[in-house]
Amino acid sequence: MSVAESKFDQLQESQQDDDQQLSLDVIFELLKNRRRRDIFRYLMEVERTVTLSELAEQVAAWENDIEVQELNSDQRKRVYVALYQTHLPKMDKAGIIEYEQDRGNITLSENADLLGMYLNNDTEIETEWEKRYLGLSLIGGSFAILFQLAAVGQLLQVLVTIAFVASVLGVSLVHARDVRETRRVAAEKFSRIK
């Protein structure tokens, strides 16, 4: 047993019996290995139970920067053995996955979201507030220039200004609600880390 594996086992043993709580040391120990990050990434992408063979093929393909169909048996076997003997038992012991070693089935557990907080692969999904504010600024600036170039009535300028201010206020309120919800979810997740 290597020093790193021994350290990991000590971290695991020092954790409380509460399955919902995981120490930062264990989380970072799991995340420091690329294969474990790839396991987590694949399970998050497929959102279902996978077999060890399927998982090993995908991780091997990513490691070799080729398609799964292009893998040779040595590439598959090297990853399969490492997942079977080391990485999957370690992630199962930490409560991040559920690994049925006898059947070769792997699925994410409830604690998997604790790793996801540190990997944040959802950047494309998140609302890009800066684009909304930029859009509103461009619209407001366009109206300001239009009002200067075209002699429009005072009442129309006031109404458009009120509508613009109301839209900025609306976007700001939605943004504030979104930030508050994100912080609430993060606080709930951090409460499960000791």
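Me: Which helix does Tyr84 lie in?

Reply: Keep in mind that this is a predicted model: local features need pLDDT of at least 70, side-chain atom pairs count only at pLDDT 80 or more, and totals for chains, interfaces and linings use all residues. Numbering runs from 1 along each chain as its sequence is written, and side-chain values use heavy atoms, with hydrogens and water left out. Helices (H or I, at least four residues) and strands (E, at least two) are DSSP runs numbered from the N terminus. Tyr84 falls in the run of residues 73-93, helix α5.

Me: What is the relative accessible area of Tyr84?

Reply: Buried means under 20%, exposed over 50% and partly exposed in between (1.4 Å probe, protein chains only). Tyr84 lands in the partly exposed class, because its relative accessible area is 34%.

Me: Which helix packs against α5 at an angle of about 115 degrees?

Reply: The two axes are 8 Å apart; they are lines fitted to C-alpha atoms over the stretch in contact, with angles from 0 to 180 degrees between N-to-C directions. On the α5 side, the residues that meet the partner (contact: heavy atoms within 4.5 Å) include Tyr80, Leu83 and Tyr84. Facing them are residues including Leu52, Leu55 and Val59. The partner spans residues 52-64, helix α4.

Me: How many salt bridges does a search of the whole structure find?

Reply: A salt bridge needs a side-chain nitrogen of Lys or Arg within 4 Å of a carboxyl oxygen of Asp or Glu. One of them links Lys32 to Glu29, with the closest N and O atoms 3.4 Å apart. The search comes up with nine.

Me: Where do Lys32 and Glu29 stand, buried or exposed?

Reply: These partners sit at opposite ends of the scale. Lys32 has 55% relative accessibility, so it counts as exposed. Glu29 has a relative accessible area of 10%, so Glu29 is buried.

Me: What separates Arg184 and Glu181 along helix α8?

Reply: These two form a salt bridge, with the closest N and O atoms 2.6 Å apart. Arg184 is partly exposed at 48%, and Glu181 is partly exposed too, at 38%. Because they are three residues apart in α8 (residues 154-190), the separation is about one helical turn.
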